[in-house]
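Please keep the sequence and the structure in view while reading.

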Amino acid sequence: MRPAVAAVHTAAISLDARRDLAVTGARGSHARSDFLLVRVVTSTGVEGYGEVSATPLWSGEDGATAAHFIREILAPALVGRPLTPVGGLELLMDRLLAGNPFTKAGVSIALWDAFARTLGVPLAVALGGPYRDEVPIKLSLSGDGPALDSVFQAATAAGFGAFKVKVGLGVAGDVARVSRARGLAGPETFLGADANGGWTRSQAARAIPALTEQGVSFVEQPVAPADLDGMRGLRNLGLPVVADESVFGEADLTALVRAEAADCVSLYVGKSGGPGRAVAMGRLASAFGIDALLGSNGELGIGAAAQLHVACALPALSREFPSDIIGAHYYAEDILEEPLDSDGRRVRLGDSPGLGVRPRADLMREFR
């Protein structure tokens, strides 16, 4: 008999970002994460863990809304149903709850984790991989003048050696910020630029050539998410264009492909609605010659582990652009019993079943 979903529990978690690494960009600042942890228990006693890494600025969700929807809508529908196929449970969640991709992704991560633990294999194996056992990573830099210097010093002290600079705040200031970052990092260090949709087309057209002179390797989401025509035109200015806010689900990715609007897509487990869907989107992008990397919404340890397994399960992961699997590096504390194997340059996949991680004992007592 197939194992069934026996229970779904949640635990609120709120953590401050490290003050010396907190990011500010065109969409605001991310200095605190009010997230939600999810625990799924199967009828055979296997437990799976997930994380709702949601912020209101991104999708109108946070830990409080996620807890409500999981408790009142999703959990009652999932309990008693067979654990497999997990994709069928994801479709059920879609029928019951419109939008809220990060909330559904948190539950999906826990379901996939329980499934992989039931099989006794790492999640990356259950997702069809792994195609690699380590993933290069980078960290975002923001701030101006001495503030940027301090962030860079903290980032390098944490081991990071590849970066993207937050821009989209005004062309002159953006160019000055990237120039200062280049001076700090040196001519050979990997440096990208992320506008978070903050430029108009004309601003982007002025900024991109100037950033090219600074040796920037890509520009991420240069204009508004819906302006696919503008993104297509900007690809001709000499820098690869990475799509982030333009792509949540498969329909968005299909529109991006048809518009020829990007060279690379930043996939999120949260935006996609879960690990399986993120891998499917990566395969779709690859089929049309579009690179993929794993982007970040400030995930804690559970979310970062899901990012890692998805990145390792993708048949094609960008070799040019590092991913954003930063996890506990961004926070003053780690929520995991044992940390991910990350030195700031790369994060490495283990061979334990499922996500291979578990929340700390004190956090386990918070599940309700």
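Which elements each supply at least two residues of the lining of the largest pocket? They are β2 (23-25), β3 (28-30), β4 (32-42), α1 (56-59), β7 (139-141) and β8 (162-166). Helices (H or I, at least four residues) and strands (E, at least two) are DSSP runs, numbered from the N terminus.

The model is predicted, so that local features need pLDDT of at least 70 and side-chain atom pairs count only at pLDDT 80 or more, while totals for chains, interfaces and linings use all residues. Residues are numbered from 1 along each chain as its sequence is written, and side-chain values use heavy atoms, with hydrogens and water left out.

**The two domains**

- The chain is divided into domain 1 (4-120 + 360-365) and domain 2 (127-348), with bounds that come from an automatic or database domain assignment.
- The centres of domain 1 and domain 2, taken over C-alpha atoms, are separated by 23 Å.
- In domain 1, 37 residues are in contact with 45 residues of domain 2, where contact means heavy atoms within 4.5 Å.
- About 3300 Å² is buried between domain 1 and domain 2, and carbon and sulfur atoms give 64% of this area. Buried area is the accessible area (1.4 Å probe) that two parts lose on being put together, summed over both.
- L21, W58 and R360 supply 21% of the area that domain 1 buries against domain 2, more than any other three residues.

**The pockets**

- A pocket is an open set of points on a 1 Å grid over the protein atoms alone, with protein on both sides within 12 Å along at least five of seven lines; lining residues have an atom within 4 Å of a point.
- The largest pocket holds about 540 Å³ of space, a volume being the space filled by probe spheres set on the points, which are joined across faces, edges and corners.
- The largest pocket is lined by 32 residues, of which H30, W58, S296, N297 and G298 are the closest to its centre.
- β4 gives the largest share of this lining, four residues.
- The lining of the largest pocket divides into eleven nonpolar, eleven polar and ten charged residues. Ala, Val, Leu, Ile, Met, Phe, Trp, Tyr, Cys and Pro count as nonpolar, Asp, Glu, Lys and Arg as charged, and the others, Gly among them, as polar.
- Domain 1 and domain 2 each give at least three residues to the lining of the largest pocket.
- The second largest pocket holds about 180 Å³ of space. Of the 13 residues that line the second largest pocket, L340, R348, L349, G350 and G356 are the closest to its centre.

**The cavity**

- A cavity is a set of grid points where a 1.4 Å probe fits but cannot get out, and the count of cavities of 30 Å³ or more comes to one.
- The largest cavity has a volume of about 70 Å³, and its lining includes E51, F102 and Q307.
- With four residues, α4 gives the most to the lining of the largest cavity.

**Salt bridges**

- Side chains of opposite charge can pair when their charged atoms come close.
- The whole structure has 27 salt bridges, each a side-chain nitrogen of Lys or Arg within 4 Å of a carboxyl oxygen of Asp or Glu.
- Between domain 1 and domain 2 the count is three salt bridges.
- R277 and D94 form a salt bridge through their side chains (2.7 Å, N to O).
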